[in-house]
There are 2 protein chains.
Amino acid sequence: MAVRSANDIHELIERLLRQGDLRYTTGRRAIVDLLCRVGQPVSISDIESQLPSIPRSSAYRHLVDLQSVGAVRRVAANDDFARFELAEDLTEHHHHLLCTSCGDVIDVAPTPAFEKAVTTMIEQFAEREGFRPFSHSLDIVGHCRECG
Amino acid sequence: MAVRSANDIHELIERLLRQGDLRYTTGRRAIVDLLCRVGQPVSISDIESQLPSIPRSSAYRHLVDLQSVGAVRRVAANDDFARFELAEDLTEHHHHLLCTSCGDVIDVAPTPAFEKAVTTMIEQFAEREGFRPFSHSLDIVGHCRECG
DNA sequence: GTTGTAATGAGACTGAGTCTTGTTCTATGG
DNA sequence: CCATAGAACAAGACTCAGTCTCATTACAAC
Ligand SMILES: [Mn+2]
Ligand SMILES: [Mn+2]
Ligand SMILES: [Zn+2]
Ligand SMILES: [Zn+2]
């Protein structure tokens, strides 16, 4: 999932923020750094335990800001807690395996052939329903390796 | 999306509830009735406005009970509000178009060919990650006909 | 330096969803 | 019938992830 270097990502995000008249401050950088390091969707409690110097309110605000400029994406898991990951523009398009037992979210990259099938299907839906699609997400629900 | 009659659905759900030592009471029936009538995922505020005689706490409890016996499924939309629909066992497997403007959720049925591609892809993921899949959901995010 | 604006920390607040409690329904059986 | 036990219910208190407010601090531009 590390198709870009962390340095590249920092540079790209700095540009995105500047386009939105936002600065790439220490707190924001620390969160992006964590998202790069972990390489899978991260919860607010992950952020709290890994970056204890960042207050909860600031972490949430940073996530909102980073989402507003397209650097971060919110991911709905199978439990009550949102996760956050780098936007697909900065990494690559992928889908999620959701474990109903431990709540873990695992990134998986689809093959081009499969994505082509998805795109075709979406175009059919769009045509039929007069719907203009922007993106899609495929979540696979089950049990991860650890949870059997 | 009406592959079964409402009567069939009531009968099936009554059986499911009985297997869980639960009764098919008026309130529960009213909610199932609404889900049948609307034929698309319904929010708690939809239920409140369509069934004003059912208190919010009861509606939530009924939904929990109906989910626990596999009659109802919770659907995550693109806003903060959960939706509820009849379980796929009672209707048919389908996917969702999520409008980011009005929050509407539209059911769409995939072709068998597409579902086969999805199944194959999921098996690959499962193999690679040691993941045991139970189900999947494909959400297409965009704008509905009304919202352009 | 001065000044305007963005960013921050602390904590109050919101509200969808859950839990508790006292009451009412209903199935069963004597 | 009536009695009784367990399920269902209404009302409202409560929880807590997430948002908002506001006073303070860090920047950037000039
Ligand atoms: Mn895809
Ligand atoms: Mn499918
Ligand atoms: Zn797991
Ligand atoms: Zn819409």
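A:Cys99 is buried, at 1% relative accessibility, where buried means under 20% relative accessible area, exposed over 50%, and partly exposed in between, with a 1.4 Å probe and protein chains only. Before I go on, this is a predicted model, in which local features need pLDDT of at least 70, side-chain atom pairs count only at pLDDT 80 or more, and totals for chains, interfaces and linings use all residues. Residues are numbered from 1 along each chain as its sequence is written, chains are lettered from A and ligands numbered from 1 in the order written, and side-chain values use heavy atoms, leaving out hydrogens and water.

Donors here are N, O and S atoms within 2.8 Å of the metal (3.2 Å for Na, K and Ca); water is not among the atoms, so sites may look incomplete. A:Cys102 is partly exposed, at 46%.

Next, the manganese ion (ligand 1). Its protein donors are NE2 of A:His93, A:His95 and A:His136, and two OE entries from A:Glu115, at 2.0 to 2.7 Å. The donor residues follow H-x1-H-x19-E-x20-H. A:His95 lies in strand β4 (residues 95–99) and A:Glu115 in helix α5 (residues 112–129), so this pair ties together parts 20 residues apart in sequence. Helices (H or I, at least four residues) and strands (E, at least two) are DSSP runs, numbered from the N terminus. A:His95 is buried at 1%, and A:Glu115 is buried at 14%.
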